[in-house]
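My notes follow in the order I checked them.

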Amino acid sequence: MPTERPAAAPAAGPLPGYAAHFDEPEGYLDFARYGPPSRDVLTATADALARAARADHRTVNALMRAEPAARDSAARLAGSDPAHTVLLPNASTGLFHAAFGIPTGTVLVPRTDFPANHYPWRRTEALSRAVPRWLEPDDRGRVTADVVRAALGDGGDDVVALAVSAVDFRTGFRADLGALRDAIGPDRLLIVDAIQGFGIADLPWQAADVVVAGGQKWLRASWSTGFAALSDRALERLEPTLTGWTGVEDVALFDDLEHPPAAGAQRWSISNLSPVAAAAFAAALAVVEEATVPAIEARIAARVDELIDTVRGCGGEILSPTAPAERAGIVSFRLPGTDAAAVAEALHAHEVTPSVRATSVRLSPHASTRPAAADRVRAALASLR
Ligand SMILES: Cc1ncc(COP(=O)(O)O)c(C=O)c1O
């Protein structure tokens with residue numbers, strides 16, 4: 001039997017000022033994979049490309065001004081500043097910069113993390129630089145301070161960094177970044193893949209030395225957008241091994257000499273980004289700043305509550321943490337006795353868009369999601385009985 005929604009939930013519809021920017025379908029519940037961009041992003045992209053199509057001697061420089069606008073906005077949201085922030089085309093590029101910046105030592109990396117946080121460390125190991133030690137999460141799939149402390153107690157002298165997701169792509173577990181920082185101490189680097197939480201979860205990003213995120217999911221900026229925010233410690237410790245021609249001092253001076261890396265986070269630049277993508281990113285981040293992260297977070301929490309309730313009411317088993325402090329926007333579940341492909345088929349038939357894995361289904365709502373999304377999920381799951 002479907003359970004009733006808690007009495008307070010229907011009052012909390014989508015976040016009005018935020019939802020007004022978007023047109024995604026009612027049943028879209030896959031923001032952990034891709035976040036349909038706002039009309040602002042569409043307009044910014046079309047405008048920038050239209051200007052590029054009529055380029056004259058001013059156009060490229062003018063379009064490039066989107067880059068500092070996006071960078072400043074990302075810096076504010078990360079609790080950082082423009083000198084410590086750099087735009088990147090995706091999260092992976094930031095993780096590669098971090099990995100290749102560590103000359104030697106062991107890096108703790110959750111075995112269950114998204115592979116974007118695995119391959120950089122496999123590559124550095126192959127080049128006899130940083131070596132990953134795969135961390136086993138606890139029995140509930142969580143990477144906690146206790147898990148990290150146990151790994152450090154077990155011969156951790158050679159450990160120079162922890163590289164971890166802020167929000168786990170599979171379970172939705174929200175890491176306690178402050179506790180992880182305490183567990184590793186002030187001398188090791190905390191590298192955070194923030195893509196599943198940035199802009200929707202009010203996390204203490206300043207606890208990390210490296211925060212990287214792509215803009216195509218929860219930030220809703222579409223593909224080829226992202227950034228990294230670096231601490232002073234990261235700038236001191238990480239060697240700029242991948243710095244390209246746009247990451248050095250005097251970029252526009254073509255004197256055939258090697259220039260030193262830029263003093264700040266700009267040293268993580270390999271080449272110019274698309275100014276069209278930067279315009280999209282700036283527009284997307286402006287929507288987040290206007291709505292505010294705590295307000296977005298609260299609406300997502302209401303939608304997540306409804307989805308958890310709905311799935312349980314239909315006999316589903318929730319695989320994600322249910323305590324608000326331990327989750328963000330991801331609800332993974334399975335329906336005992338029904339395989340994930342059949343669940344997905346029923347959801348699709350009710351115009352719900354989930355992520356489908358081999359043995360589970362993942363739902364991820366945003367602050368623009370309407371409570372009616374849970375009604376669609378309920379109808380889809382009920383149809384399987
Ligand atoms: C936790 C996590 N990190 C990284 C990525 C990939 O990010 P990007 O494509 O921006 O490198 C994903 C999903 O695609 C993810 O879920």
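What is the strand order in the open sheet of 4 strands? I read it as β8-β9-β11-β10, with antiparallel pairing. I keep in mind that this is a predicted model.

Next I looked up the edges. They are β8, residues 317-318, and β10, residues 355-356. Each of these strands pairs on one side only.

I then took the pairing of β8 with β9, which spans residues 331-334. The two strands are antiparallel and share 2 bridges. Across this pair, I found E317 opposite R334 of β9.

Which helices lie across the sheet strands? I noted α11, residues 293-313, across β8, β9 and β11. Its angle to β9 is about 5 degrees. I also noted α12, residues 340-349, across β9, β10 and β11. The angle of α12 to β11 is about 40 degrees.

I moved on to the ligand. Its surroundings include N90, A91, F114, A116, S165, F169, I195, Q216 and K217. By class, I logged 5 nonpolar, 5 polar and 2 charged residues in the shell.

Which side chain has an N or O atom 2.5 Å from a nitrogen atom of the ligand? I found that it belongs to D193. An N or O atom of the S92 side chain is 2.6 Å from a ligand oxygen. For the Q196 side chain, the distance from such an atom to a ligand oxygen is 2.9 Å.

Last, I checked burial. The ligand taken alone exposes 400 Å², and the protein buries 86% of that.

Conventions. Residues are numbered from 1 along each chain as its sequence is written. This is a predicted model: local features need pLDDT of at least 70, side-chain atom pairs count only at pLDDT 80 or more; totals for chains, interfaces and linings use all residues. Side-chain values use heavy atoms; hydrogens and water are left out. A residue is near a molecule or strand if one of its heavy atoms lies within 4 Å of it. A polar contact is a pair of N or O atoms within 3.5 Å; within protein, one must be able to donate a hydrogen and the other to accept it, and residues adjacent in sequence count only if both atoms are side-chain atoms. Accessible areas come from the Shrake-Rupley method with a 1.4 Å probe; for residues, only the protein chains shown count as cover. Ala, Val, Leu, Ile, Met, Phe, Trp, Tyr, Cys and Pro count as nonpolar, Asp, Glu, Lys and Arg as charged, and the others, Gly among them, as polar. Two strands pair if DSSP finds at least two bridges between them. Contact means heavy atoms within 4.5 Å. Axes are lines fitted to C-alpha atoms, for helices over the stretch in contact, and angles run from 0 to 180 degrees between N-to-C directions.
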